[in-house]
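I opened this entry to record what I looked up, starting with a pair of helices and then turning to a strand.

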Amino acid sequence: MSEPLLKVVNLKKHFPVRGGLFSRVLASVKAVDGVSFELGKQRTLGLVGESGCGKSTLGRAVLRLHEPTSGEIYLNGEDIIALDRDALKKRRRDMQIIYQDPFASLSPRRLIGQTIQEPLDVHNIGTVAERRKRVEELLEIVGLRKHVLSRYPHEFSGGQRQRIGIARALALNPSFIVADEPVSALDVSVQSQVLNVISRLQSEYGISFLFISHDLAVIQHVSDDVGVMYLGQLVEYSDSAGLYRNPKHPYTRGLMAAIPVPDPKKRTRRILLKGDIPSPMNPPSGCPFHTRCTEAMPQCSQEIPKSVNVGSAEKPHHVSCHLFPADNK
């Protein structure tokens, strides 16, 4: 098996909560709490979960837009966390991000041509003429014409703005892109257009994606592998086909049961998740999901479940749940 493009080991990101006269640290928000996964070359890992589960924070921590509290991140075998500021700047050519809100991520005061060209300026790549030509090529790649270079973001639709964001992310020829809810703010018809652009870019340029979304249908469409997050942790992790065909974790089954079925004759068993997600500042003891789980046992409130491979060596399917004891494998 080839080496993964990205390897994340026990990654944590805790945000301090300060208060009092001297702004002392009173507690911490455990946004990401011990996540491990691998992403292969030219593959897409979909990250799904309810709002507030830590998906976006994980994506930004992997890129060191949020400095991790602890853990290890390897990109092409290189330890990203160990890099100093100058070395990290050079490495950023290989890793980029597509933001959720295409309007907020574009400066309203800069022309589109300036926005797309900015990464080339920052890394001092090529001459002025070469940069201009590269910007025109990027616009063509994402399906826009070069005459839009002298226009501002407010003159475009949401789908066009997202294409501009994709063009900016592609400027430095990255091998890895975090797509943070890239279609959630778009109409359904526009979503499919943007998803097709992303799919085409992966096949033509060999880019690997960490695709973050709360939409299970979108995740199924774009992903090779899927990770399900709950309260800062990966509770299930498998190839896409295996997870959608046979979800193991009660939380994953609850999410799947909420997907509408466009067939009035087909009946599905509803699994209603109880209550709201607990606060990541004060997570429950034991399994973080036991307060909402319909299959919770006394053990669930006392012990943290270990990640168990319930699949095969060729097609692993990892789940963290006491319904699948580690000593049975």
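The model I am reading is predicted. I looked up the two helices: α3 covers residues 112-122 and α4 covers residues 128-141. Their axes come within 9 Å and cross at roughly 120°. I recorded the crossing of α3 past α4 as right-handed.

Next I listed the residues in the contact. From α3 I have G113, I116, Q117, L120 and D121. On the α4 side they meet R131, R132, R134, V135, L138 and L139. I sorted the residues of this contact into five nonpolar, two polar and four charged.

I then moved to strand β3, residues 44-48. How many of the five residues of β3 are buried? I found five of the five, so the strand is largely enclosed by the rest of the structure. I checked each face: T44, G46 and V48 lie on one side, L45 and L47 on the other, and all are buried.

Last, I looked up the pairing partners of β3. With strand β8 (residues 208-212), β3 pairs in the parallel sense over four bridges. In that pairing I found L45 opposite L210 of β8. With strand β9 (residues 225-230), β3 also pairs in the parallel sense over four bridges. Here I found L47 opposite G227 of β9.

Note on methods:
Residues numbered from 1 in each chain as written. Predicted model: local features only at pLDDT ≥ 70, side-chain atom pairs only at ≥ 80, totals over all residues. Heavy atoms only, no water. Axes fitted to C-alpha atoms, helices over the stretch in contact; angles between N-to-C directions. Left-handed = near helix turned anticlockwise from the far one by under 90°. Contact = heavy atoms within 4.5 Å. Nonpolar A, V, L, I, M, F, W, Y, C, P; charged D, E, K, R; others polar. Buried < 20%, exposed > 50% of the residue type's maximum accessible area, 1.4 Å probe, protein only. Pairing = 2+ DSSP bridges.
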